[in-house]
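The following report describes one structure, moving from its strands to its ligand and then to a helix. Please read it alongside the sequence and the model.

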Amino acid sequence: MTPNHYNFNQTTPQIEERVDALLAKMTLEEKVGQMMQIHIHEGNRAEMEERIRQGQVGSILSLYGVKDTNHAQRIAVEESRLGIPLIFGNDVIHGYRTIFPIPLAESCTWEPALLQEAARIAAEEASANGVDWNFAPMVDVCREPRWGRIAEGAGEDVYLGSVMAQARVRGFQAKGLTSGRKIAACPKHYAAYGGAEAGKDYNTVDISERTLRDLYLPPFEAAFDEGAGTTMSAFNDLNGIPSTGNAFILRQILREEWGFLGVVLSDWNAVGELVPHGFAADLKEAAKRAALAGVDMDMISDAYHAHLAELVREGAVPAPIINEAVRRILRLKIQLGLFENPYTDEALASESILKPEYRAKALEIAQKSMVLLKNEGGLLPLDEGQRIALIGPLADDHHHILGAWHRIGEDADTESVLDGMRAVFPLANVAHMEGIPLERGDAPHFREAVEAAQSADVAVLVVGEGEFMSGEAHSRAHLGLPGQQQALVEAVHATGTPVVVVLMSGRPLVIPWIAEHIPSVLQAWHGGIRAGGAVARILGGRVNPSGKLTATWPRAEGQIPIYYNHKSTGRPPTGDGTLQFDMIHLSDYMDEYISPQFPFGFGLSYTRFAYADLEVVTPTLGVDAALVVEAAITNTGERAGEEIVQLYVRDLAGEVTRPVKELKGFQKISLDPGESQTVRFEVPARELGFHGLDMSYKVEPGDFKVWVGPNAAEGLEGEFAIERG
Ligand code: GLC
């Protein structure tokens, strides 16, 4: 089947001939110019336009408005000596103007096709508004809920992260965009940025090469295999060598092992930051080390602009390194059609955004991203005749639901939970009371909110994080509810009125009291422009929630890092979640369960699903065969629903220790009440390998366990063996 998206990680003789012809005409300064990405603001506009005119700029980032991008492009194309067009980059992380749920929320749909469509819609809007290069998808695997940027990725699992990375690349690089233009994706941040120690952003990453290769790199390789045309070198120190100066990952792995042909762009000033890292004495040495390591384009640090030509003339940076970097940049511009089609049709911009079908897709994804964490006694769905007290600082919020990377998304485009509730429930039955501010501060209506709950049949509390409490440079050490929100929840609970808590956040939260005392809890994330409608339609039962977690929820910050695919240790805990009071010397805590609050893959439904009849069709298989497993799933409840069936394996003994579980497949199925379906998984044995003692990827013969289940903590267990030869 012909892919419906562009592959920019390839070339043709014709493209290379065009690049050769251009390179032959370029001066050293013009070549270095292509390696610079600038940011234009009021304070530097004149200087930057002159640089463009002098052929000293290859790309501009974060320039909004087609008039402005076309203006800058005209200078490059019509006033510079060679007329090489600029490429315009931007961060379209979860929507351009139609803002979708944050990527972590989207991943909880476990529906790659939905993520692909959201990315394609983002590309439709962005390409009609002057964007050629999207600094997305963020593919950093993350086991750190303290890290604010967990919001931007697909959670803790390498397999799920790889599948979602490929879906988003297909969407961003979709063919047939209305604008007639193309967009290059940029899987980021290369590499292992999500491994920041203690969840502090920009912090040190010190991991084994095996962890790098088995956990953090596969989503990048998957994205490049899907045709992604660029990547972005990360801020972090990686085992003593900052990623932006790290030839091991930028040359040996990226180029020699993977054969990646695309452009490496540094992150914002990451070349310049080699100096504070203590990896370069000054900006000149930073330019040298980044260029030698393999960074093709410098995002705004000006190290390349100021020093690269001089470094080449001194012989410190060989000319071929410049030529290969510029080759990749020119190749990308040719593949994007920028030479033939440098300008964006200004008539398209406004009509390209917020189309009704985009808003409908945003609602569908929001609904499917939300995770029902608890529903004791079937309090949900609510009856439309009930008197509802809708309380909390996020109950009528039109801003925070846009999430951390909403950029030009507008509050006016959104529907709040109150808007949604008023569309689903009789107006007279919904009494809204904010109660308290989002952050600590005066709370003059605290008592009123509690009284409102007292006179209602049910209280719905909408609480959580503001959009600025996650995302870049927004890490948290305490993951509970900010401000007086926990106090409000407890006070409303104390009235005796049944309580539903709707959480909004950019990360897993630590909510032990709520998990224990509140009968119904819905995780709504920062759900984008249609979040309010999605919440209301779930609470009202018009939609049966189906989302499942892609990142583990801890009971306490002290458990972090906590993730499902951990190692066994020599003293594995009993695993029943008991506290360690009998001192039997296991890898356990004295004062906390070792189990998570909610495990990876967890999510409830308004109906129930039974798993039965596991069959390991291939109890033994060769390394070139496939594992085949089947199980029967039945909807034993009274409502139709969707179930995300998951397949996990465990390699019982290897030449290196292996995780206690690894996700190797998932399927989302829809079942009517009473309906059963046999779900079949076929997993090539080559996907069950790892990087062994010699750091080569291998599939090792031996005994395995296999599970088919609803989440990482439970399921039907079987076994199989991979045979030698
Ligand atoms: C930021 C982020 C990166 C983004 C870039 C350009 O610092 O780290 O994800 O693409 O700068 O905005």
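## Strand 6 and its partners

Strand 6 and strand 9 (residues 263–266) run parallel and are joined by four bridges, where strands count as paired if DSSP finds at least two bridges between them, and where helices (H or I, at least four residues) and strands (E, at least two) are DSSP runs numbered from the N terminus. Within this pairing, threonine 230 has valine 263 of strand 9 as its bridge partner. Strand 6 also pairs in the parallel sense with strand 5 (residues 188–190), over two bridges, and here tyrosine 190 is the bridge partner of serine 233 in strand 6.

The model is predicted, with local features needing pLDDT of at least 70 and side-chain atom pairs counting only at pLDDT 80 or more, while totals for chains, interfaces and linings use all residues. Residues are numbered from 1 along each chain as its sequence is written, and side-chain values use heavy atoms, with hydrogens and water left out.

In strand 6 (residues 230–233), Thr230 and Met232 point one way, Thr231 and Ser233 point the other way, and all are buried, that is, under 20% relative accessible area with a 1.4 Å probe and protein chains only.

Five strands, in the order 4-3-2-1-10, form an open sheet with parallel pairing. Strand 4 (133–134) and strand 10 (298–299) stand at the edges with a single partner strand each, so one side of each lacks a neighbour in the sheet. Strand 1 (residues 36–38) is joined to strand 10 by two bridges, and glutamine 37 stands opposite methionine 299 in strand 10.

## Around the ligand

Of the 13 residues around the ligand, those that come nearest are Asp91, Arg149, Lys188, His189 and Asp267, a residue being near if one of its heavy atoms lies within 4 Å. An N or O atom in the side chain of histidine 189 is 2.6 Å from a ligand oxygen atom, and for lysine 188 the corresponding distance is 2.8 Å. A polar side-chain atom of arginine 149 likewise lies 2.8 Å from an oxygen atom of the ligand.

## Helix 20

Helix 20 (residues 531–539) is mostly covered, with eight of its nine residues buried, among them Val535, Ile538 and Leu539. The cover over these buried residues includes helix 15 (356–369), helix 16 (417–424) and strand 14 (458–464), contact meaning heavy atoms within 4.5 Å. Just after helix 20, glycine 541 takes a positive phi of about 85°.

Notes
A polar contact is a pair of N or O atoms within 3.5 Å; within protein, one must be able to donate a hydrogen and the other to accept it, and residues adjacent in sequence count only if both atoms are side-chain atoms. Buried means under 20% relative accessible area, exposed over 50%, partly exposed in between (1.4 Å probe, protein chains only).
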